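Trainee: I am new to this one. Please walk me through it.

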Amino acid sequence: MKALVCREFGQPEDVIALQEVAPVAQIDIDEVLVEVHHATVSHATGLLIEGRYQKTPPLPFVPGTEGVGRVLACGSRVGHVKVGDAVAFICDWGAYAEQLTVHGATVYPIADDLDPLQALAVPISYGTAYAALHWRARLQEGNTVLVLGAGSGVGAAAVELARLVPGVTVIACASSPQKRQAALQGGAHHAVEPDGLIGQVKQLTQGRGADLVFDPVGGDLLLQALRCTAQNGKIVSIGFASGTIPQIPMNILLVKNLTVFGFFYGQYIGWTPANERVQHAMQVQAMMAELFALARRGAIHPAVTQVFPMGQLCQALHALHGRDVVGKIALAIKTPSP
């Protein structure tokens with residue numbers, strides 16, 4: 001079977017090759033063998049290949065952490081999916097291969113009336129946004145939510161999910177007119193630019209500021225957001241897409257009585273040394289079922305906006321890093337069997 005193989009850590013164009021590898025020989029009792037049809041491309045993809053992510057895979061390895069496909073075989077302890085089912089999945093790595101084995105805890109059934117490419121955008125982006133907003137930050141009715149990086153996959157998901165809570169006002173911050181327009185179409189009440197963020201948010205909230213800031217960006221933008229967060233407000237940090245980890249001035253937290261939450265979705269899906277995917281499986285499976293149901297009835301609109309051939313991972317990463325992309329990028333791994 002074909003796979004994209006990373007031979008050593010470095011720049012993708014230097015270390016990735018499309019090659020033939022041995023097919024999967026057997027699976028464990030808790031595993032699912034999946035024929036992979038599409039897999040997402042994310043900032044984490046590049047970090048994994050460069051050896052700069054939270055987990056370091058053993059070399060050589062196949063990148064890719066999220067995909068959709070069809071079940072080819074199930075271990076004896078897997079009961080929620082069966083051979084032939086369409087599924088989405090999250091894995092540590094390995095999705096850029098025509099087949100892979102995934103622990104059943106992070107395999108999610110897709111209903112026949114949901115487009116698999118729609119489902120592909122759900123597990124990580126919408127899962128992260130939902131869990132950060134509801135499990136960690138406890139979003140409340142009537143809150144004003146400021147979503148930074150609203151043009152990213154997880155930012156767009158946060159806009160849509162926050163908008164579903166009664167009485168919530170969503171302010172989306174995005175770097176381009178195209179992304180701001182997409183955020184408004186996704187349900188944001190207002191869209192603002194990163195430049196001059198403080199003044200824009202203060203004006204929209206009559207000087208009060210945002211009750212909750214959803215931050216996948218970090219860097220200087222978070223430091224601006226601190227100054228336009230309401231008294232007793234909350235900030236949930238889920239990543240540093242800017243490339244800069246901010247040094248938060250504690251005096252601002254003190255005088256405004258702010259709470260900053262760190263949130264790592266990887267804790268729930270097995271991406272920590274403790275590997276807690278089984279412990280959290282029921283909670284995450286229930287959330288996935290809810291998110292897929294929302295997508296099926298049109299309450300949210302997960303989307304893959306660009307699909308690249310399997311051999312064009314470098315081009316896909318270049319498009320992603322260009323920050324002109326709205327929605328998710330995917331690789332076409334294997335044409336579905338008829």
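**A walk through the model**

Mentor: Start with His301, placed in the loop between α10 (281-296) and β14 (304-309). Helices (H or I, at least four residues) and strands (E, at least two) are DSSP runs, numbered from the N terminus. The model is predicted, so local features need pLDDT of at least 70 and side-chain atom pairs 80 or more, while totals for chains, interfaces and linings use all residues. Residues are numbered from 1 along each chain as its sequence is written, and side-chain values use heavy atoms, with hydrogens and water left out.

Trainee: Is His301 buried, partly exposed or exposed?

Mentor: Buried means under 20% relative accessible area, exposed over 50%, and partly exposed in between (1.4 Å probe, protein chains only). His301 has a relative accessible area of 49%. That makes His301 partly exposed.

Trainee: Which residues is His301 in contact with, leaving aside its neighbours within four places in sequence?

Mentor: Contact means heavy atoms within 4.5 Å. With neighbours within four places in sequence left aside, the partners of His301 are Gln118, Tyr126 and Glu160.

Trainee: Is Glu160 buried or exposed?

Mentor: Glu160 sits in helix α5 (residues 153-163). Not counting residues up to four places away in sequence, it touches Tyr126, Gly186, Ile300, His301 and Pro302. Its relative accessibility is 7%, so Glu160 counts as buried.

Trainee: What separates the C-alpha atoms of Glu160 and Tyr130?

Mentor: Along the chain, these two are 30 residues apart.

Trainee: Which residues have the most contacts inside the largest nonpolar core?

Mentor: In soluble globular proteins, nonpolar side chains tend to be buried together. A nonpolar core is a set of buried Ala, Val, Leu, Ile, Met, Phe, Trp, Tyr and Cys residues joined through side-chain atoms within 4.5 Å. The largest here has 97 residues, and those with the most contacts inside it are Tyr96, Phe214, Tyr265 and Leu291.

Trainee: How many aromatic pairs does the structure hold?

Mentor: Rings of Phe, Tyr and Trp (its six-membered ring) pair if their centres lie within 6.5 Å. Planes under 30 degrees apart count as stacked, over 60 as edge-to-face and the rest as tilted. By that rule, the count of aromatic pairs is six.

Trainee: How do Phe61 and Trp93 pair, and what is the angle between the planes?

Mentor: Their pair is edge-to-face, at 6.3 Å centre to centre. Phe61 lies in the loop between α2 (43-50) and β4 (66-74) and Trp93 in the loop between β5 (86-90) and β6 (99-103), so the pair ties together parts 32 residues apart in sequence. The angle between the planes is 70 degrees.

Trainee: Which residues line the largest cavity?

Mentor: On a 1 Å grid over the protein atoms alone, a cavity is a set of points where a 1.4 Å probe fits but cannot get out; lining residues have an atom within 4 Å of a point. Grid points are joined across faces, edges and corners, and a volume is the space filled by probe spheres set on the points. The largest cavity has a volume of about 50 Å³. Its lining is Leu48, Tyr53, Lys55, Thr65, Asp92, Trp93 and Trp271.

How values were computed
1 Å grid on protein atoms, 1.4 Å probe; cavity = no way out; pocket = protein on both sides within 12 Å on 5 of 7 lines; lining within 4 Å.
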